[in-house]
Each structure stands twice: as structure tokens, then as C-alpha cells.
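Try each task before you read its solution.

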Amino acid sequence: LENGKDELVFIDKHAAHGRLIYEQLKEHGKSFAQMLLEPVTVTLDKNEYAAVLGSLSLLIQAGFEMEDFGAGTVLVRSAPVFLEQADISASVMEIAGYLVQNKKDITTEHLDWLYHNVACRAAIKAGDESHKEELIALAKRLYENPDVRYCPHGRPVFVVIKRRELEKQF
């Protein structure tokens, strides 16, 4: 987008949207949980299953309400509202793998990683077609949140090219 007469701003819509979702999750956490009409069953290996069952209270804080369904399977009853139905199972599997690998992390780091995971999965994807109104709303939210400069993984959300820099190139 054009910012005044002297700047062009290139926004990475995935990174920007992901960071904005991440900030909402950090601030409101489990209030973004949405009860599912049909619970989602997720089958895990033995270690992942044990890790998930041992972290149910942590998962609730991140918006996932799950219960033991037996034989290595968990039943997901609620998930963060940002996630599409199709992403819930994959997200739980990724979370379970993370929990197994990072058993010694403190709870706050686990929760932060969960928010990163949900935000990235829920964000607009780079190849997704976006409507003009969506992109304008995203740009407005960025300008309303000047501290949002990087996605949860550390990539820049936008790049600004000044007119002078562009003129030097030609």
C-alpha cells in the first residue's frame, strides 16, 4: 500500500495476521475457545498420548478442551475459534509432538508455543485469495497496533520502501 507520497509498504499478510491472532490469544487465551458441534478424535502414539493427558490444564488455557477417549485417542471438545475444523486434528498432533520433545520446558513457554502454533495455522495463507476489504482491515489493524513488527516466528510483518530508496534504483 501507499503511505503518503513518500512510502510504499509491503505487508506479509500471513505474518501480519498470525501476529495479530497471537496477540489476541496472549491477551485473552481460553476465552477464544469454541465448543465443537462434533468432537474431533485424534489418535496419538503412546508418548504423545501421555504428554497430552499430562498437559490437559495447559491445553485448556490455550483453548483446547480434551479428554481421554481410550486406546491412545483423545477427544477434542473445544478448540480456539481461529482454527478451521480441518486444522484441529493436525494442530493437536503437532502440539503432542512438541510436548513430548520439550518435557522440561516451563509451562509459560509451552503456552507461548501453543499460541504460536494456533496463530500460524489460523492465519491467512500466502496463496489464499483475499478480498480488498479484508486486506484494508488487516492494514488498519496493523496501524492501530504499532508494536506489531514481527510474526511470532520472528519474520518481519511489513517492509517499507521510501521514495528516495526507489529513486536511487533507477
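**Exercise 1.** In which helix is Leu166 found?

The model is predicted: local features need pLDDT of at least 70, side-chain atom pairs count only at pLDDT 80 or more, and totals for chains, interfaces and linings use all residues. Residues are numbered from 1 along each chain as its sequence is written, and side-chain values use heavy atoms, without hydrogens and water.

Step 1. Find Leu166 in helix H7, residues 163–168. Helices here are DSSP runs of H or I with at least four residues; strands are E runs of at least two, and both are numbered from the N terminus.

Step 2. Leu166 has 37% relative accessibility, so it counts as partly exposed. Buried means under 20% relative accessible area, exposed over 50%, partly exposed in between (1.4 Å probe, protein chains only).

**Exercise 2.** Work out which side of H6 is buried.

Step 1. Locate H6 at residues 132–144.

Step 2. Pick out its buried residues: Leu138, Ala139 and Leu142. They cover an arc of only 95 degrees around the axis, which puts them on the same side of H6. The arc is that of the directions from the helix axis to the C-beta atoms.

Step 3. Turn to the face away from that buried side: it carries exposed Glu133, Lys140 and Glu144.

Step 4. Look for the cover: it includes strand E2 (7–11) and helix H1 (13–28).

**Exercise 3.** Which residues of H2 are buried?

Step 1. In H2, residues 46–53, select Tyr49, Ala51 and Val52. Their arc is only 165 degrees around the axis, which puts them on the same side of H2.

Step 2. Their cover includes helix H3 (56–61) and strand E4 (65–70).

Technical notes
Expected span 1.5 Å × (residues − 1). Contact = heavy atoms within 4.5 Å.
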